[in-house]
Amino acid sequence: MDRLKVKFVVNGQPVDLNVKPSETLLETLRDRLELTGAKEGCGLGACGSCTVLLNGLPTRSCIVLTAELDDGDEVRTIEGLADGTKLDPIQESFMENGAIQCGFCTPGMVLTAKSLLDRNPKPSKEEIIRSMSSNLCRCTGYKKILESVEAVSSSKVSKS
Amino acid sequence: MIALKFEFRRPKDVEEAVRLYGEFQGEAAYLSGGTDLVPRMKLGLEKPKVVIDLKRISPLSTVEDQGEWIRIGALARIFDLKENETIKDYFPALKASLEATSCESLQMRGTIGGNLLQNSRCLFYNQSEFWRRSKGFCLKMGGKSCNAIPGANTCFANYCSDNAPALCTLSAEIEFSGPDGTRRLNLEELYTGRAEKPFKLYPGELLTAIFVPKKKSVGGYEKLRIRGAIDYPLLGVGFSYGNGTGKLTIGAVGPKPHSVEMKQFSQGAIQEAAETLLKQVRPVDNTVVNPEYRKRMVPVLAERLVNKVMEGVK
């Protein structure tokens, strides 16, 4: 079977790969690039635990074929969010507000929140709920997740 | 993991896409957002020899005001469309259905054409190949009888598009390009009424655009689902009103949407319209809720929706 040459950017680094047509972006990230932050949950695009940012938008990497990516497409995973040892405010906020339990949904949740706040720094509560409900969590009950996003949007979180 | 070998092609225009389909003797799948196709390939419900990615055909994703019609490219994303000012102003039923479609991050990937051409769904069909093989193949997989209603020789799978009922209330038309050229038809003519093969499509035909008459309407869409966040509809009810006439459409019960025109909007008239629609559908036990409940929710959602919309007209 023919392999395809695909070039795109992951966490600021250009990558140049030969992929099988059936390879998903999640498989590329986890198995080839050793970026295991994105998690495989349902594998069918329903749960959101494999969410990464594709050109800034939350995208379920388990249902995107890597071959679909174009030159110049930018993928951001949870590994690419912190600036060195300095966490992104949304990561700080998740920690400060105790929005993490088992942690499986957390990378997807954080990236979905990041995308929302980048597009709309002051979302209403309704907008936060609508956006975050794209991702399923089986432990937190969402309250602390919503509080974490609200805290960043109202800049209550420490920016140190 | 997709346990399937296929080729991947990215045509530059519609003609090339259709030609590729023919080159692989129809063992091909068109890919737009992939939110329906890729899970289907993972479950082994779709086994194409080539996946034809349409995303590089840019005219397929634009929205255009043509005077009497608004042309919506089939690859326009659900999320972009719900932010579109013309759709907000002219077609509130469509806007409501776009908002109700899945969840926000899938709306950012999924396209309106993909939503319209999603295959019909059933609890006994949208399962892994291992699961389905163990149960025995149903009518939708070439088997001899239905797995939801054992012994039945009719497929009861549900067509779960949220946007289709809304577009039916707006008398939308759709355009296909295929090996024999282009054709345009009313959306309601698309459906075969048979859930095994829900669309009247010729091999290789590609949905290029949706045309909605540019007439101001008021309207809405009500959706029955378990989780507000992301579910497919268990029942979808659309309603649009303009120039003294209303159109009520239900979807997600059986293989196609059903519509009824309304001139009166009293409680009695709404109940009568709901009764007319109920006579055309046969909900069975193939979703996560009891069929009797889905049936009873038809007049409930219709009444709620029509009253809400008509309240704004007064």
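How many residue pairs are in polar contact across the interface of chain B and chain A? The rule finds 11, counting pairs with both residues at pLDDT 80 or more. Keep in mind as you go that this is a predicted model.

**Stop 1: the interface**

Show both chains and select the residues that touch across the boundary.

Next, count the salt bridges between the two chains; the rule finds 4. One to display is the pair Asp70(A) and Arg56(B), whose side chains meet with an N to O distance of 2.3 Å.

**Stop 2: chain B as a whole**

Chain B has 11 helices and 12 strands. Its radius of gyration is 19 Å, close to the 20 Å that the globule rule gives for 314 residues, so chain B is as compact as a globular protein of that length. Along the principal axes, its C-alpha atoms fill a box of roughly 60 × 50 × 35 Å.

Of the 314 residues in chain B, 60% are buried. Among the chain B contacts with a separation of 6 or more, 62% are between residues 24 or more positions apart.

**Stop 3: His258(B)**

Zoom in on strand β12 (residues 258–262) of chain B, where you will find His258(B). Is this residue buried or exposed? His258(B) counts as buried, at 11% relative accessibility. Its side chain makes a polar contact of 3.1 Å with the side chain of Gln280(B). Beyond its neighbours within four places in sequence, the residues in contact with His258(B) include Leu248(B), Ile250(B), Leu277(B) and Val281(B).

**Stop 4: salt bridges around Glu129(B)**

The structure holds 31 salt bridges over all chains. Select Glu129(B) and Lys47(B), which form one of them with their closest N and O atoms 3.2 Å apart. Glu129(B) lies in helix α8 (residues 129–135) and Lys47(B) in the loop between α2 and β3 (50–53), so the pair ties together parts of chain B that are 82 residues apart in sequence. Glu129(B) is partly exposed, with a relative accessible area of 21%, and Lys47(B) is also partly exposed, at 48%.

Arg133(B) counts as exposed, at 53% relative accessibility.

**Stop 5**

Move on to Arg184(B) and Glu173(B), a salt bridge with its closest N and O atoms 2.8 Å apart. Arg184(B) is in strand β7 (residues 181–186) and Glu173(B) in strand β6 (residues 173–178), so this pair ties together parts of chain B that are 11 residues apart in sequence. Arg184(B) is partly exposed, at 36%, whereas Glu173(B) counts as buried, at 18%.

Finally, bring chain A back and select Glu68(A), Asp70(A), Arg10(B), Asp53(B), Lys55(B), Arg56(B) and Arg109(B), which salt bridges with shared partners join into one network.

Conventions:
Residues are numbered from 1 along each chain as its sequence is written. Chains are lettered from A and ligands numbered from 1 in the order in which they are written. This is a predicted model: local features need pLDDT of at least 70, side-chain atom pairs count only at pLDDT 80 or more; totals for chains, interfaces and linings use all residues. Side-chain values use heavy atoms; hydrogens and water are left out. A polar contact is a pair of N or O atoms within 3.5 Å; within protein, one must be able to donate a hydrogen and the other to accept it, and residues adjacent in sequence count only if both atoms are side-chain atoms. Helices (H or I, at least four residues) and strands (E, at least two) are DSSP runs, numbered from the N terminus. The radius of gyration is taken over C-alpha atoms; the globule rule is 2.2 Å times the number of residues to the power 0.38. Buried means under 20% relative accessible area, exposed over 50%, partly exposed in between (1.4 Å probe, protein chains only). Contact means heavy atoms within 4.5 Å.
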